[in-house]
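Here are my notes for you, written as numbered points. Please keep the structure open beside them while you read.

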Amino acid sequence: MNRQEIIATVTEEATTSYEWSCSWSRVVDVIVEELRHHNLKPTRPLVFYILNLAKLTWAGETARVKKLIAEA
């Protein structure tokens with residue numbers, strides 16, 4: 001698995017973690033844990049990059065669901 005695939009996987013895990021915990025601070029812990037699991041050093045820039053990707057993913061999902069509700 002290359003670095004981009006790992007980042008995508010960790011972003012998915014982070015988004016799922018937020019969905020269950022509703023806490024972005026808890027998501028940072030999950031990101032660090034997942035990066036270590038994939039043998040990547042959890043540097044601040046990488047962790048915050050993935051956190052921002054997860055927030056964008058969550059915002060996209062929220063917008064998609066709101067659109068579906070509005071269409072119903």
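Predicted model: local features only at pLDDT ≥ 70, side-chain atom pairs only at ≥ 80, totals over all residues.

1. Residues are numbered from 1 along each chain as its sequence is written, and side-chain values use heavy atoms, with hydrogens and water left out.

2. Let's start with H1, the helix of residues 3–21. Helices here are DSSP runs of H or I with at least four residues, numbered from the N terminus. The 19 residues of H1 should span 27 Å at 1.5 Å a residue, and the 26 Å between its end C-alpha atoms agrees with that. The expected span is 1.5 Å times one less than the number of residues.

3. Both ends of H1 deserve a look. Asn2 caps the N-terminal end, with a side-chain oxygen 3.1 Å from the backbone nitrogen of Gln4. A polar contact is a pair of N or O atoms within 3.5 Å; within protein, one must be able to donate a hydrogen and the other to accept it, and residues adjacent in sequence count only if both atoms are side-chain atoms. Just after H1, Cys22 has a positive phi of about 55°.

4. Which residues of H1 are buried? They are Ile6, Ile7, Val10, Thr11, Ala14, Thr15, Ser17 and Tyr18. Buried means under 20% relative accessible area, exposed means over 50%, and partly exposed lies in between (1.4 Å probe, protein chains only). The buried residues of H1 pack against helix H2 (24–37) and H3.

5. Two of these residues show what the packing looks like. Thr15 has a relative accessible area of 9% and touches Ala54, Thr57 and Trp58, not counting residues up to four places away in sequence. Contact means heavy atoms within 4.5 Å. Ile6, at 8%, is in contact with Met1, His38 and Leu40, leaving aside its neighbours within four places in sequence.

6. Now for the aromatic rings. Rings of Phe, Tyr and Trp (its six-membered ring) pair if their centres lie within 6.5 Å; planes under 30 degrees apart count as stacked, over 60 as edge-to-face and the rest as tilted. The count comes to 2 aromatic pairs. The rings of Tyr18 and Trp24 have centres 3.9 Å apart and planes at 10°, so this pair is stacked. The rings of Tyr18 and Trp58 have centres 5.1 Å apart and planes at 75°, so that pair is edge-to-face. Tyr18 lies in helix H1 and Trp58 in helix H3, so their pair ties together parts that are 40 residues apart in sequence.

7. Is Tyr18 buried or exposed? Tyr18 is buried at 16% relative accessible area, while Trp24 is partly exposed at 22% and Trp58 is partly exposed at 28%. Lys55 lies over the face of Trp24, 5.7 Å from the ring centre. A charge sits over a ring if NZ of Lys or CZ of Arg is within 6 Å of the ring centre and within 35 degrees of the ring normal.

8. Last, the salt bridge: the count comes to 1, between the side chains of Arg64 and Glu61 (3.0 Å, N to O). The rule asks for a side-chain nitrogen of Lys or Arg within 4 Å of a carboxyl oxygen of Asp or Glu. Arg64 and Glu61 are 3 residues apart in helix H3 (residues 44–71), so about one helical turn separates them. Arg64 is partly exposed at 44%, and Glu61 is partly exposed at 36%.

Key. Helix = DSSP H or I, 4+ residues; strand = E, 2+ residues; numbered from the N terminus.
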